[in-house]
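Here is a short report on one protein model. Look over the sequence and the fold before reading on.

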Amino acid sequence: MEGPLPTWGILTVMERPDLANLYRQAETDRLGFWAEQANRLYWHEPFTQTLDWTQAPVARWFADGKINACFNALDRHVLAGNGERVALLFEGEPGDTKSFTYADLLTETKRAANALLALGIRSGDRVALYMPMIPETVIAILACARIGAVHSVVFGGFSADSLRTRIDDAQAKLVITSDGGYRKGKAHPLKDAVDHALSAGNCPSIENVLVVKRTGMDVAWNEKDTWWTDALSTADTEHVAEGFDAEHPLFILYTSGTTGKPKGILHTTGGYLTGVSYTHRTVFDLKPESDVYWCTADVGWITGHSYVVYGPLANGATQVIYEGTPDIPTFERWWQIIEKYKVSIFYTAPTAIRTFMKIGKEIVSGKDLSSLRILGSVGEPINPEAWLWYHEVIGNSRCEIVDTWWQTETGSIMISPIPFAFKTKPGSTQRPLPGINTSIVDEDGTPVVQTDSGSAAGYLTIDEPWPSMLRGIWGDPERFIETYWSRFPGKYLAGDGARYDRDGDIWLLGRIDDVINVSGHRLSTAEIESALVEHHWVAEAAVVGAKDEVTEQAIVAFVILRQDEIADAPDEETIGKILRTWVTEKIGAIARPRQIMVVTELPKTRSGKIMRRLLRDVAEGRPIGDVTTLADSSVMTAINDKLSAGAND
C-alpha cells in the first residue's frame, strides 16, 4: 500500500483503534509489523532476522529462531494457567459428544508423540493421515508437529489410488487412519482404502499403520497394523517439546488440478504459525475467554489445517468440531449445534449457504442463533444473494460477515473485511489484510486502471512475500516456479481473476480457468452465476464453457430452483428462456447462456466445492471424468442422462 493510511469505509477509529495502528504499522514498517505478530508466539530461541528473500521466490522467515507449533497450540496455554479452558467440543454425527480441555488435549498429544517415537518416527519423517473429523485427528496432527515429523493429511473422501499417490510422493513412513467414520447416517470405511493403497507391495516406504477404532466395523488386520489405543496406553504422559528451526517443514498438503500430478504444497513452521494465528485473531475478532468458534471445514483441506487446528489452538480458542454432514438427520443439524454450544463465530462455505437457501429459511425456524456475532465465508466467491441470505436469515441482520480469500498455497487469509471496521459489501472480499500487498494486473502484467466506475477484470497477484506462503512443491522446485512465479516475474500469480469497484474494493471472479471466451470476450463464470442467483427462482447455479464452432465457447448453466419458489415457476423450457433473458439484462447479450438446465443437485465434493470440470465434460459430450471425490456420484449420472435427452433452445 502506498500513500497515507487508507480509510476504505472504516467506520470509526474510536471503535477499532487497534486496526488503525495495524494498518499504519504494516504500511510504514512491514517487516517490523510481521516481527511483532511472530513475537506473539512462544519462541524456544528468538529470531533476529525477520525475512531472507535472497533466494526468491523461496522465502525464509524468522529463520534463525526455533519454535514448536504444538507447544504454541497447547503447552503455553496450560503453563499460563488456562489448562481448564475447553479446547474442543466434539459432536459426532450419531450424536455422541466429548470435550477436551487444553490440559486434556496436551496429555493425549504427549502420549501420541511418545507412541510415534516408539514406532521409529523422527524429526523430518513424513506421516500420512487418512482420518474422519474426530479429536484423534487433531491429536495426531499436533503429535507430529511436536516431534518435528511432517504430516500429510489426505481427505477421507479420496480414493485408495489417490491415497497411494500421495503416500508415495511424500515417501511417508507411517499411516494413521481409522476403521471408519460416520457420514450421511452410516459408517463409512477408511482402513479398507489404506489396505488397498498398500496392497501388492505398493507404498514400500510405509513401516507401520496406526488405526483408531471409531465405528467398531470389522477390518482386515495386517502385520504392520497397531490399534491407536494400544499404542497410546503404554506411552508415557510426559514429553518435552523441543524447538525446531522456523523453516523446519510442518506439513505437506496435496492439491489436485484438472490434469497432472497432485501438487504437494509445503508449509514450514514459524511463518505459517505466525500467519494463521494473526489472521484468525484479526479476521474473526477473537475473544478467547468468551467466544465459541466453529469452522465447518474438514482437516483434510487447508481450511481445516489453518482454521480448525493451528490458528484457533494457537490463540487459545474454544471450538466445535463436527464429524458429519449438515443434512443428517435433517438440514437443521448445524443450527441445532450452534444453539447447543452457543457458537459465536461461524465459518463455512458459500456452497453450503446456497444449499440452505434452496431449502428456505424455515430450516432455522425456532432455533436460537442469538449467540452468533461473526459469520465467515470461505472456499469460493460468495454471490451477493447468498451473502444477503446468510446475513439476514442466519445472522438476523446483526452479525458481521467476513468474506475471506486465500488458498492452500497462501496458508492463511489474505483478503477480507475486518469486523466492526469496514462497511461490508455483499460479495466483495474488500481489502488485503495489514501486511499483505496485492494488485490486479492485465495480460502484460500492468496494473489495471481504477476509474469512477471500477476497473476491468484482471489477474490477482501478491506483490510482497508473506510469512505463511508456501515454500515450494514437494520434490518439484521447477514446477513451483513455473506454476506461481513465471507469468509475472517478481509477483505471485494467484490463479484467480479479480476487479476493483469504484471504491477500490476487490471482487473475486473465480479461477482464471473458470473464464469463458465467447467470441473474443472473456466472461467470468462467477459473474454469470451471481446474476442467475439474483433471480428469485434460483438457489444455486454453476456455469461452464462448452466448445462452440462459431463463438469458440458457449455458456451452459446448471441451476437449482428454490423450493419455496417452485410452486410459482413455469415449465422448464419457459424457465430457461426467462433466465437467459434475465442474464442478458444483468450483464449483456454476450453473456446470454446457450443452454440452461434445471437440476436437483450439483456435483460437489464432500467439502462442498462444485466440480465444474465434470459439468464441462457433460456440456461438451465427453465421458465423465473421475467422480471418486464427489459426495454423491449419482448426481452426474442424472445430469448426463437429462442432457442427453435434449436441451432447451
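Helix α15 (residues 525–534) is mostly covered, with eight of its 10 residues buried. Buried means under 20% relative accessible area, exposed means over 50%, and partly exposed lies in between, using a 1.4 Å probe and protein chains only. Helices (H or I, at least four residues) and strands (E, at least two) are DSSP runs, numbered from the N terminus. The buried residues of α15 are Thr 525, Ala 526, Ile 528, Glu 529, Ser 530, Ala 531, Leu 532 and Val 533.

This is a predicted model: local features need pLDDT of at least 70, side-chain atom pairs count only at pLDDT 80 or more, and totals for chains, interfaces and linings use all residues. Residues are numbered from 1 along each chain as its sequence is written, and side-chain values use heavy atoms, with hydrogens and water left out.

**Overall fold**

The protein chain has 18 helices and 30 strands. Its C-alpha atoms fill a box of roughly 70 × 60 × 55 Å along the principal axes.

Of the 649 residues, 62% count as buried. The accessible surface comes to about 24,400 Å², and 49% of that belongs to carbon and sulfur atoms. These areas come from the Shrake-Rupley method with a 1.4 Å probe; for residues, only the protein chains shown count as cover. Contact means heavy atoms within 4.5 Å. Among contacts between residues at least 6 apart in sequence, 70% join residues at least 24 apart.

**Helix α9**

Helix α9 (residues 269–283) has 15 residues. From its first C-alpha to its last, α9 reaches 21 Å, close to the 21 Å expected at 1.5 Å a residue. The expected span is 1.5 Å times one less than the number of residues. Because 14 of its 15 residues are buried, α9 is largely enclosed by the rest of the structure. Just after α9, Asp 285 takes a positive phi of about 50°.

**Glu 91 and its partners**

Glu 91 lies in strand β4 (residues 86–91). At 5% relative accessibility, Glu 91 counts as buried. Which side chains make polar contacts with that of Glu 91? The table lists them. A polar contact is a pair of N or O atoms within 3.5 Å; within protein, one must be able to donate a hydrogen and the other to accept it, and residues adjacent in sequence count only if both atoms are side-chain atoms.

| Side-chain pair | Distance |
|---|---|
| Glu 91 and Tyr 341 | 2.7 Å |
| Glu 91 and Lys 340 | 3.1 Å |
| Glu 91 and Arg 333 | 3.3 Å |

Not counting residues up to four places away in sequence, Glu 91 also touches others, including Asp 96, Thr 97, Ile 321, Tyr 322, Glu 323 and Ile 337. Glu 247 is 156 residues from Glu 91 in sequence and 35 Å from it in space, C-alpha to C-alpha.

**Backbone exceptions**

Most residues other than glycine have a negative phi, and most peptide bonds are trans. A cis peptide bond joins Ala 56 and Pro 57, with omega about 10°. Pro 57 sits in the loop between β1 (51–52) and β2 (60–61). Another cis peptide bond joins Ile 328 and Pro 329, with omega about -5°. Pro 329 lies in the loop between β17 (318–322) and α11 (333–341).

Two glutamines have positive phi. Gln 171 has phi near 55° and is in the loop between α6 (160–170) and β8 (174–178). Gln 171 is partly exposed at 41% relative accessible area. Gln 430 has phi near 75° and is in the loop between β20 (400–403) and β21. Gln 430 is buried, at 1%.

**Cysteines**

How many disulfides does a search of the whole structure find? It finds zero, where a disulfide is a pair of cysteine sulfur atoms within 2.5 Å. For Cys 144, the nearest cysteine sulfur is that of Cys 70, 10 Å away. Cys 144 is buried, with a relative accessible area of 0%. For Cys 399, the nearest is that of Cys 295, 17 Å away. Cys 399 also counts as buried, at 2% relative accessibility.
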